[in-house]
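Visitor: I am new to this structure, and I would like to understand the words used for it. Could you show it to me and begin with the terms?

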Amino acid sequence: SIWPGLGAMKRLSVLFAGACLPSAGASAVVAASHAHRPIAPHPHGPALLSRGSWHVARANATSLAPPDSVDYNPETEISGMPFTVEFLFATVFVLVMASIPAVLVGLVGGGKLTVAHQVESAALIVWLSSVLYLFTNVLKFKSNHFDGARSLTLVEAVYLLAQILTTVGYGDIVPAYPRAQVWVGINVVIALCLYGSLMNEVVQLSLRKFEAKFVQVAYGDEEQMFSAREAELPLKEWDDQGPPVDTRKFRNSVSAFAFFATVGVCFWHFFPGEGKSWLEAIYMSIITLSTVGFGYFNATTEGGKVFGAFWMLLGVVTLASTIGAFVDVMGQVKAKERHDKNGEKLRFFRLTKLCCKPVPSLGDFGMDSYDFLRFALLLREVVSEE
C-alpha cells in the first residue's frame with residue numbers, strides 16, 4: 001500500500017525539480033513520464049526518482065550557480081563626479097601599495113638595484129594587479145556586510161587586502177566557495193612574502209637615511225669637534241654604574257602607538273554609521289593593532305573600511321616597533337643588573353697584559369698604535385679575542 005504513495009511523491013518531486021531548474025525542467029518531466037511504472041523495492045530503500053530523471057536533476061543542480069548578490073552598501077557620492085569619496089581613497093591606497101618599488105629606487109638608487117630587487121618589484125606589481133582583478137571580478141565572497149555571495153567592490157577589496165597584509169583577519173569578508181578559498185590562501189602567502197621582504201628593506205633604508213640626516217642637522221660642522229672631544233675621554237670610567245639604559249626609542253614607539261590607537265578610538269566612536277561605544281572602540285583598536293583581530297567588532301561602513309585599511313597598515317607597524325623597543329630596553333636593564341665592577345677591573349688588567357709588549361725605549365711595557373687599537377676594540381667588546 002505504500003508504493004502508490006511513493007509513486008505520487010516521485011511525480012511531485014520531478015515537477016518540483018522542473019520548477020526549480022527551468023533549464024532542465026522539461027527534460028526531467030519527460031524522462032519521468034517515460035519512466036513512470038510501478039517501482040520495485042530497491043535493496044537500499046525506495047527510489048523516489050527514476051535513475052534517468054535523478055541524474056538529470058543532479059547534473060542541473062550542480063551546474064547552476066546562485067546569482068550574484070546585488071546587496072551593496074551605500075557610498076558617499078561626489079557631486080558631478082563619476083566616483084565616490086570611498087572609491088577615491090581606495091584608489092590612493094592602491095597607488096601607495098604600488099609605489100613601494102619606486103620608493104625603493106629612490107632610497108637605493110636606480111643603478112644600485114640588483115636583479116633580485118627588480119624581480120621582486122615586478123612580481124609585486126603583477127600580484128597586486130592580479131589580486132585586485134580576482135577580488136573585484138572573478139572570486140565570490142560572503143560577508144556579514146551584505147547578503148548572498150558576490151565579487152567585492154574596490155573599497156571592500158582594499159579593506160580585505162589590509163587585513164591580509166597586517167594579518168589582522170577580522171573574518172567579516174571571506175571566500176564563498178572552496179576554489180575561491182584556495183586562491184585567497186595562495187595570495188595570502190604571496191602577499192606576506194613580497195611585502196614582508198620589500199617593506200622591511202624600505203623601512204631599514206629609510207631609518208638609515210633619517211639617522212644620517214639627523215646627525216648632520218644636529219651636529220653639522222661640529223661633528224668633527226665632537227669626535228675630537230670624545231677621543232680625549234678615558235677608555236674606561238671606573239665610577240660608572242654599568243651600561244646606561246636608553247629608553248628613547250621605546251618612548252617614541254609608545255607615543256606613535258598611542259597616537260594611532262587614539263585616532264582609531266575617536267574614529268570608531270564618532271564616525272557616522274560606526275557609533276561604537278568608548279569601551280568598544282578601545283577594545284577594537286587594541287585588538288586590531290595587535291593583529292589579533294577577533295572580528296566581533298569591525299568596520300560597518302564603507303568609509304570605515306577605507307579608513308581601516310590605512311589605519312591598520314600604519315598602526316600595526318607602530319605596535320611592532322613598540323614591542324621590539326620594549327624587548328631592547330629589558331635587555332639593557334638586565335645587562336645593567338648583571339654588571340660586575342670587580343669583574344670589569346680584572347678583565348681590564350688581563351687585556352692590558354695581553355696587548356702590551358716590552359718597549360726598550362721606555363724601559364717598560366707599552367703599546368704601539370696597532371696594539372692600542374686592538375686593546376680598545378677588545379675592551380669595548382666590539383670584537384672578540386678569537
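Guide: Buried means under 20% relative accessible area, exposed means over 50%, and partly exposed lies in between, with a 1.4 Å probe and protein chains only. This is a predicted model, in which local features need pLDDT of at least 70 and side-chain atom pairs count only at pLDDT 80 or more, while totals for chains, interfaces and linings use all residues. Residues are numbered from 1 along each chain as its sequence is written, and side-chain values use heavy atoms, with hydrogens and water left out.

Visitor: Why is Trp183 called partly exposed?

Guide: Trp183 has 45% relative accessibility, and because this value lies between the limits of 20% and 50%, Trp183 counts as partly exposed.

Visitor: What makes Arg150 and Glu156 a salt bridge?

Guide: A salt bridge is a side-chain nitrogen of Lys or Arg within 4 Å of a carboxyl oxygen of Asp or Glu; the closest N and O atoms of Arg150 and Glu156 are 2.9 Å apart, so the pair meets that rule. Arg150 and Glu156 are also linked with Glu302 and Lys305 in a network of salt bridges.

Visitor: Is Arg150 buried or exposed, and how do you know?

Guide: Arg150 is buried, because its relative accessibility of 0% is under 20%, and Glu156, at 1%, is buried by that rule too.

Visitor: Why is Arg248 called exposed?

Guide: Its relative accessibility is 53%, which is over 50%, so Arg248 counts as exposed. Arg248 forms a salt bridge with Asp246, the closest N and O atoms being 3.0 Å apart, and Asp246 is partly exposed because its relative accessible area is 34%.
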